[in-house]
Amino acid sequence: MTDIVISVRDLTKRFGDFTAVDRISFDVLRGEIFGFLGANGAGKTTAMRMLCGLSYPTSGSGTVAGYDVMREGEKIKHHIGYMSQRFSLYNDLTVWENMRLFAGIYGLTKRETEERAAELLDRLNFSSERNTLVGSLPLGWKQKLSFAIATIHRPEVVFLDEPTGGVDPVTRRQFWEMIYEAAEAGTTIFVTTHYMDEAEYCSRVSIMVDGQVRALDTPARLKQQFSAESMDEVFRTLARGAQRGE
Amino acid sequence: MMRGNFLSFVKKESLHILRDKRTMLIVMLIPVVLMILFGFAISTEVNNVNVAVVAAERSDGVRDAVERLSHNEYFTFKGYIAQDKIDSYLRSGKVGAVVVFAADYDRCAELAKQGVEEKPIIQLIVDASNVNTAGSATAYLQGVLLGTASEQAMFETRMLFNPQMKSAYNFVPGIMGLIFILVCAMMTSVSIVREKEVGTMEVLLVSPVRPVKIIFAKMIPYFAISCIVLVMILLLARYLLDVPMTGGVGGIFSLSLLYLVLSLSLGLLVSTIATTQMAALLISAMVMMMPILMLSGMLFPIENLPKFFQVVSNIVPARWYIDAVRKMMIQGLPLVAVWENCVILLGMTVALLGVSLKKFNDKLE
């Protein structure tokens with residue numbers, strides 16, 4: 001079954017004279033790991049904010065999890081998970097309290113919360129840390145916990161905004177294993193990253209330059225198309241043409 | 001379901017506060033320390049003033065007056081001294097005030113009673129090196145001696161509501177005006193801005209929770225803490241500082257609740273302006289604390305301010321609150337008597353809450 005989870009047509013966002021996102025169109029399929037690449041200032045964050053229901057598009061259309069980005073932003077929020085580049089759990093709450101909070105936010109019942117929390121803790125081998133303050137965990141663990149909590153309500157899509165920034169290679173590796181697991185379980189992953197080796201892990205990659213999607217395909221075919229050795233080369237070829245600075 | 005996520009938010013905010021023991025302690029201790037400091041240490045009131053008496057003749061009238069003096073807890077009677085010792089006693093600090101009765105004091109008093117022109121003559125010589133204390137000591141001494149000197153006495157001063165001129169009476173409403181701004185406005189704004197700074201606000205905004213809910217959930221625990229502090233202050237004021245509160249505690253309490261909501265709205269407004277915790281603190285300190293200290297009548301009577309600042313003081317919410325609490329606590333007026341203050345405060349609350357909620361929502365887009 002190849003149903004479409006995110007579908008975007010000519011999505012545009014203007015701030016005054018400045019066109020941050022310029023008529024982008026793409027589809028993301030269920031269970032896909034969709035890499036969303038672009039230099040700083042290319043419009044990634046703005047595009048992502050529109051998909052998360054945080055900002056209204058100026059024009060164009062799109063659906064996320066079957067809801068219209070123009071009109072149903074609030075409904076979208078129930079069906080997506082989000083993890084930002086900055087660590088976004090509460091350091092002064094315990095692992096369990098963080099889980100309970102986010103489960104509560106997404107309207108899980110007490111029983112569901114208990115079940116999911118136990119399941120996530122088990123999967124992460126975290127059961128012993130249930131009552132540890134999150135602030136005292138090492139960064140790598142925190143990132144994994146963040147991801148787990150972003151999926152506690154079993155969202156259809158998880159948006160990851162540079163999730164592995166500042167994390168060591170080993171933890172990054174483990175983190176990507178978690179992403180794979182979630183994708184295999186049918187969760188769609190929408191991820192932005194600056195690490196080109198991570199781009200290689202994605203099912204498909206789009207590269208934004210100056211507010212437009214300049215390339216979109218599997219990493220293998222992109223490399224072929226640009227006759228490049230690595231994604232890094234593909235990215236640099238495209239980014240060289242950028243008009244906008246940082 | 002919606003109620004569920006609101007409750008989990010309130011729980012979360014309460015945990016934040018409870019975990020931060022140091023801040024909790026400060027919030028709880030500051031009112032107590034301020035009350036004790038202003039109530040006892042920093043006082044301009046008459047307390048333990050040593051008084052000596054000069055009287056040519058220890059007549060009945062004089063003895064009666066001295067009796068009153070020595071029974072008064074604010075004065076200590078140091079005995080009779082000779083006329084030429086007055087200067088040395090005052091200079092050496094042995095006494096703070098000397099009461100001199102005229103030689104024909106009794107006769108004058110008697111004549112005065114009969115409606116004859118002449119009045120009894122009492123001279124007060126006071127050590128005025130501390131102007132404030134001297135002023136209130138004089139006034140109070142007059143009050144105490146007044147009873148002795150017949151109805152036709154020479155003093156016209158009359159101290160109403162606070163005859164001992166206890167400074168704690170004046171400071172308690174001021175402290176209340178200050179502390180609630182501190183707890184509500186400063187702490188809520190810092191806690192909202194902290195979430196923006198750390199990045200957790202972003203995640204909350206992506207979640208289905210309505211931003212307004214996030215804000216109200218934040219306000220509730222601070223509101224609860226403020227209520228505890230309010231009860232603490234009222235108890236301290238009543239039982240430690242003996243503030244009369246004849247106007248009814250209910251009225252003071254209701255008005256204070258309104259003021260709490262106002263302070264919370266102010267905090268919300270600050271949080272929409274500030275982007276860092278530091279900025280939130282500074283804005284709170286400069287824009288809120290200073291006007292309260294200077295322009296609310298807490299330290300300086302508004303009537304004594306230059307005209308310009310008198311006008312400015314009208315927009316300081318604490319001014320109206322402190323004024324009303326003072327009237328209720330000390331003059332014993334009921335809540336209805338300060339309805340004007342209530343209406344002004346209510347208006348300010350509605351305006352502030354409206355503006356800050358609007359600003360908060362605008363910021364999100």
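I count two residues as in contact if their C-beta atoms, placed from the backbone, lie within 7 Å. This is a predicted model: local features need pLDDT of at least 70, side-chain atom pairs count only at pLDDT 80 or more, and totals for chains, interfaces and linings use all residues. Residues are numbered from 1 along each chain as its sequence is written, while chains are lettered from A and ligands numbered from 1 in the order in which they are written.

**Interface.** I looked up the contact between the chains: 19 residues of chain B meet 21 residues of chain A. On the chain B side, α1 (2-19) and α8 (200-206) each supply at least two residues. I take helices (H or I, at least four residues) and strands (E, at least two) as DSSP runs, numbered from the N terminus. α1(B) gives the most, seven residues.

**Sheet in chain A.** Next I traced an open sheet of four strands, order β2-β1-β4-β5, with antiparallel pairing. Two strands pair if DSSP finds at least two bridges between them. β2 (18-29) and β5 (67-68) of chain A are the edge strands, each pairing on one side only. I followed β1(A) (residues 4-15) along β2(A): they are antiparallel over eight bridges. Ile6(A) faces Val28(A) of β2(A) across this pairing. Helix α1(A) (residues 44-51) packs on the sheet and touches β1, β2 and β4 (59-64) of chain A.

**Hairpin in chain A.** I then checked β9(A) (204-209) and β10(A) (212-217), which pair antiparallel over five bridges. Met208(A) stands opposite Val213(A). Two residues lie between the strands, and Asp210(A) takes a positive phi near 50 degrees.

Note on methods
Axes fitted to C-alpha atoms, helices over the stretch in contact; angles between N-to-C directions.
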